[in-house]
Amino acid sequence: MLLKRLSEASGASGDEGEVRSLLKEELSLHVEEVTTDALGNLYLKKGFGRKPRVMVAAHMDEVGLMVVGYEKSGLLRVVKVGSIDDRVLASKVVSIGKDRIAGVIGAKAVHLQKPDERTKAIDINNLYIDLGVRSQEEAEKLVKIGDYATFTAKVREAGDNCLIGKAFDNRAGCAVLAELLKEDFDLELNAVFTVQEEVGLRGAGVAAYSIHPDVALVIETTAAADVVGSKEAAYVTKLGDGPALTLMDSTYMAPQQILDLVAETAEKLAIPYQFRRLTTAGTDAGIISQTHAGILSAVISIPCRYIHSPASIINLDDWQNTLRLARGILNAIAEGGLRLEGTA
Amino acid sequence: MKELLKKLSETYGPSGREEQISRVIREEIKDYVDETYTDNMGNLYAVKKGSGAKIMVAAHMDEIGMIVTHIDDKGFLRFSNVGGLSPHVLLGQRVIFANGSQGTVGMEKLEEINKLKLEKLYIDIGATTKDDARKHIKVGDIATYHREATIVGNRVIGKAMDNRAGCAVLVKAIQELAQTENEVYAVFTSQEEVGLRGSRISTYRINPDLGLAVDITMVGDTPEAPTMDVSLGKGPTVKIKDASVICHPRLKEKLSEIAEKNEIPYQYEVLTAGGTDAGAIHLTKEGIPAGVISIPCRYVHTPGEMVDLDDLAHAVKLLKAFLSAPLEMREIFPCHLE
């Protein structure tokens, strides 16, 4: 299962090589052209010269840590790459650098914490990676400053057609895009597996500039907060209710014709869908829609509980329905379902 | 001017849903320009052709609003802000959607009023069930304040003076502008309130020699107002800086010279927070000299924004004077690249 291999691959922002190779190997035979660029985006093109030119983007980077220093004891000081809740860090197993050295994010044991320390989350400045070595010299042999650390977790099946694992944000989206590339659409399909989304939508900006598409579709993973302590209006999305359509976030507003096209496509194909009930955070669509003289963009997302942690949950029905919806949207675009450059 | 401002103020047009206000503005200017067109993000362009410098004048036409994120079983609408919206100002407001549906803003039970957050508010459109609400409103629909513009003496109170006052100034200036050598691109921009987005892509499309934004600015002349040396009724401002842009000093001087020569009252504006389209314009492509003319405005982002009609009239005069004189880019900007 490609999704499982993608999830288990290591690829924090700026270090997407392993994921890129995996996708390239899996998909090269299905497309007409494979290229990369200075930032490391992976471009796969199909239907060269057809109209309209459509960009479909899924970011392949995940959140992680970066090694920034050594303690005399051999423990590693780290910073976060992308946004991770400090509360999920302690006691997680990570894999570091290109040799995938094993380590644990360590913190003072509960017995040694002062009473007021026990009531607070341990912040990143009081966390470190423990390689199981006894000195700085030994640590330096294994890990270099600037090496990335990512969570490690094998994908496991769970409950009602769900998967537990890491980096579903956005390897689940990558897996959808990979499936689309195995199919044929009556348009010029420019698939981009983008880099550095988690640190500021950086890969997608240059990719959109370079492709200059007529329209773009972003396939993402978004938080599902249908859990204890949340009221229904604050769920963001609900696991199992289908792909989520973004209305707006801090970087993007969905044009009315995009909302209409996606909703009509879902209804026509009887695909369950929901709206993302959060208007903050951002996706690649934020930068794509503001590239060149403006590019019409849409975002659909797979709901994911415990996102940005090593134990996220997605529902495979949601994943399948996201694939179906993305396929339906591409077909609707091919059939002329969008006004691509309006006149007053 | 009064009637135009009233009409523009009362027209619906939050960020991302500018079609209605765009149509109204296009009707006002289409007979005075060589062409009009729109783009993917809803910007409205109006071009007066010429052989000289390309000047872009941007006035954002979007207003702040409330986007529906959820409809509950009883038909109440939960929403999030589109642009800078205060929950305290929202209490008790009437709101209106693109299709004319109206509602009022209600509040959950609250122990302390200073703990009021947008999450505690909802819009009640008089629906009795979710299905009833859905007959009128979909998730993703955007409401704005619903408020008539009122003329009080020489001043006008209403919603969306930010930035329909700027739009009114640009419309008037375009209507009254005689043929000039300059090629003038009036752009009524979209999505300014959510991040200067319309101006970013329209500047890229036009690639002008110079950009000028026409927007509103805050004032410091009301009781216990934060210190700011701008007053209502003392003329449009020539912006020095805000959080998004340091205006080109030569453009600032040029605007001041023109104002003095034509005996137009003006004020210098240093806005410590907030931004405007010039922030996006000046950073586009290789960098574009940019400045701002602002209309002083009280009670910004409330349904009771107040502007002074003389300030608008003087802004029109200043803008017209600036646009009519052939712009010698080399003279004003010696470092200007051909």
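Modeller: Two bridges connect strand β14 (residues 244-245) of chain A with strand β18 (residues 296-304) of chain A, and the two strands run antiparallel. Please keep in mind that this is a predicted model.

Colleague: Which residue of β18(A) is the bridge partner of A:Leu245?

Modeller: The partner of A:Leu245 in β18(A) is A:Ile300.

Colleague: What is the strand order of the open sheet that holds this pair?

Modeller: The eight strands of chain A follow the order β1-β2-β12-β3-β13-β18-β14-β17, with mixed pairing. At the edges stand β1 (33-36) and β17 (274-275) of chain A, each of which pairs on one side only.

Colleague: Which strands of chain A does helix α5 lie across?

Modeller: Helix α5 (residues 168-181) of chain A lies across β2 (42-46), β3 (53-59), β12 (188-194), β13 (215-223) and β18 of chain A. The angle between this helix and β13(A) is about 140 degrees.

Colleague: Let us turn to the chain as a whole. How many helices and strands are there in chain A?

Modeller: Chain A has nine helices and 19 strands. Its radius of gyration is 21 Å, close to the 20 Å that the globule rule gives for 344 residues, so chain A is as compact as a globular protein of that length. The C-alpha trace of chain A spans about 65 × 45 × 40 Å along its principal axes. Among contacts in chain A with a separation of 6 or more, 76% link residues 24 or more positions apart.

Colleague: Which residues is A:Val56 in contact with, leaving aside its neighbours within four places in sequence?

Modeller: They are A:Leu177, A:Leu180, A:Leu189, A:Ala191, A:Leu217 and A:Ile219.

Colleague: In chain B, is strand β2 mostly covered or mostly uncovered?

Modeller: Strand β2 (residues 44-48) of chain B is mostly covered, with four of its five residues buried. Four bridges join β2(B) to strand β1 (residues 35-38) of chain B in antiparallel fashion, and B:Thr38 has B:Leu44 as its bridge partner. Five residues separate the strands of this hairpin, where B:Gly42 takes a positive phi near 90 degrees. β2(B) also pairs, in the antiparallel sense and over five bridges, with strand β12 (residues 183-189) of chain B. There B:Ala46 stands opposite B:Ala186.

Colleague: Why does B:Ala315 count as buried?

Modeller: A residue is buried if 20 or more other C-beta atoms lie within 10 Å of its own. B:Ala315 has 28 other C-beta atoms within 10 Å, and therefore it is buried. B:Ala315 belongs to helix α9 (residues 309-324) of chain B. Beyond its neighbours within four places in sequence, B:Ala315 is in contact with B:Val169, B:Pro236, B:Ile293 and B:Ile295. The C-alpha atoms of B:Ala315 and B:Lys172 are separated by 9.9 Å, although these residues are 143 residues apart along the chain.

Colleague: Finally, how many residues does each chain bring to the contact?

Modeller: Chain A brings 22 residues and chain B brings 29 residues. The side of chain A that touches chain B has 12 nonpolar, seven polar and three charged residues.

How values were computed:
Residues are numbered from 1 along each chain as its sequence is written. Chains are lettered from A and ligands numbered from 1 in the order in which they are written. This is a predicted model: local features need pLDDT of at least 70, side-chain atom pairs count only at pLDDT 80 or more; totals for chains, interfaces and linings use all residues. Two residues are in contact if their C-beta atoms, placed from the backbone, lie within 7 Å. Ala, Val, Leu, Ile, Met, Phe, Trp, Tyr, Cys and Pro count as nonpolar, Asp, Glu, Lys and Arg as charged, and the others, Gly among them, as polar. Two strands pair if DSSP finds at least two bridges between them. Axes are lines fitted to C-alpha atoms, for helices over the stretch in contact, and angles run from 0 to 180 degrees between N-to-C directions. The radius of gyration is taken over C-alpha atoms; the globule rule is 2.2 Å times the number of residues to the power 0.38. A residue is buried if 20 or more other C-beta atoms lie within 10 Å of its own, exposed if 12 or fewer, and partly exposed in between; C-beta atoms are placed from the backbone.
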